[in-house]
Amino acid sequence: MSNDRAQELTAKINESITALCAETDAAKQSEIYLAWLSTVSRFYKYSFGNCLLIWTQAPEATRVAGFNTWKSLGRFVKKGETGIRILAPIVRKVDEEKDGTTEKVSRPFGFRSVSVFAQEQTDGQPLPELNTNATEGGETLLPLLEKAAAHLNITLVYKAIAGNAEGYSKGGLIEIEETLDTPARCGVIAHEIGHELMHRTNREGTTRQQRELEAESVSYAVLAHFGIHSESRFYLATYDVTAEMLTASLQTIGTAAKKIISMIEDSGEQIEEGEGEQPPAPLAIPA
């Protein structure tokens, strides 16, 4: 039964992508898309597939965890609440030879369906506020983004940039317009780091519109995680996005956004870790 349920959830992931791509009303498509990006920003430690599953079942969820995890935190799931189904890896111990010796190692063998619950589905002890490492205007976040760039061996320079451009990614070098205020600097730096992570080596078959969509989406998700309202008002139609482009971009965007957020976040465990995900859930169960 668990394998059947896992396949059912995988099908739901693919249906969610198809539904988003098939939406023809540009404003509605963008509204749905930004809601998905917000989910990525909140659950950055979850796999791409599980972010989609959380988004489709509980788009307003702020934190999720398993039944026992909530119990250990002094909270209980309200009577009658239905769990949010996500995929968790099935891990087994196997013998593996290394340097002439055999040792037991853990390896994933498929996925199973498990339930988590949103904080909004629970009652009990109040939870501490998440430490976002940022203030509303980005004064705290800005130096952390600068450190993230340095950690990635990217040189970041503030300078006067001719024309209307606010920043450039030049492969190991990011240039930012020096007159930008702090929130704008945060957004542009996140955008350009996104370019560095996703486009530093050319990705065959991607257009400039697709690359800009990906970088702007990463910026939106990163700033949303740290409580900064992005000034981005982009619509998918603005980038002439096709269903094929969007399908190809979603996982790329999620991976880059999560990497930047993880680098900035402190090392302390947070509730979003829930049931301790390991390998990402697949987009399709192999036949």
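Arg 185 lies over the face of Tyr 158, at 4.0 Å from the ring centre. A charge counts as sitting over a ring if NZ of Lys or CZ of Arg is within 6 Å of the ring centre and within 35 degrees of the ring normal. Keep in mind that this is a predicted model, where local features need pLDDT of at least 70, side-chain atom pairs count only at pLDDT 80 or more, and totals for chains, interfaces and linings use all residues. Residues are numbered from 1 along each chain as its sequence is written, and side-chain values use heavy atoms, with hydrogens and water left out.

**Charges and rings**

- Lys 170 puts its charged end over the ring of Tyr 168, 5.8 Å from the centre.
- Lys 170 is partly exposed, at 49% relative accessible area (buried means under 20%, exposed over 50%, partly exposed in between, using a 1.4 Å probe and protein chains only).

**Salt bridges**

- The whole structure holds 3 salt bridges, each being a side-chain nitrogen of Lys or Arg within 4 Å of a carboxyl oxygen of Asp or Glu.
- Lys 159 and Glu 175 meet through their side chains at 3.7 Å, N to O.
- That pair ties together distant parts of the chain, with Lys 159 in strand β6 and Glu 175 in strand β8 (residues 173-177), 16 residues apart.
- Helices (H or I, at least four residues) and strands (E, at least two) are DSSP runs, numbered from the N terminus.
- Lys 159 is partly exposed at 32% relative accessible area, while Glu 175 is buried at 9%.
- Glu 175 also bridges to Lys 170, with the closest N and O atoms 3.1 Å apart.
- Arg 200 pairs with Glu 196, and here the closest N and O atoms are 3.6 Å apart.
- Arg 200 is partly exposed at 46%, whereas Glu 196 is buried at 4%.
- Through shared partners, salt bridges join Lys 159, Lys 170 and Glu 175 into one network.

**Aromatic pair**

- Searching the whole structure turns up 1 aromatic pair.
- The ring centres of Phe 43 and Tyr 46 are 6.2 Å apart and the planes sit at 85 degrees, so this pair is edge-to-face.
- For the cut-offs, rings of Phe, Tyr and Trp (its six-membered ring) pair if their centres lie within 6.5 Å, and planes under 30 degrees apart count as stacked, over 60 as edge-to-face and the rest as tilted.
- Phe 43 is buried at 0% relative accessibility, and Tyr 46 is buried too, at 2%.

**Helix α7**

- Helix α7 (residues 208-225) has 18 residues and runs 26 Å from its first C-alpha to its last, close to the 26 Å expected at 1.5 Å a residue (the expected span is 1.5 Å times one less than the number of residues).
- Most of α7 is covered, with 13 of its 18 residues buried.
- Just after α7 comes Gly 227, with a positive phi of about 75 degrees.

- Mean pLDDT (the predictor's confidence in each residue, from 0 to 100) is 78 for the protein, and 76% of residues reach 70 or more.
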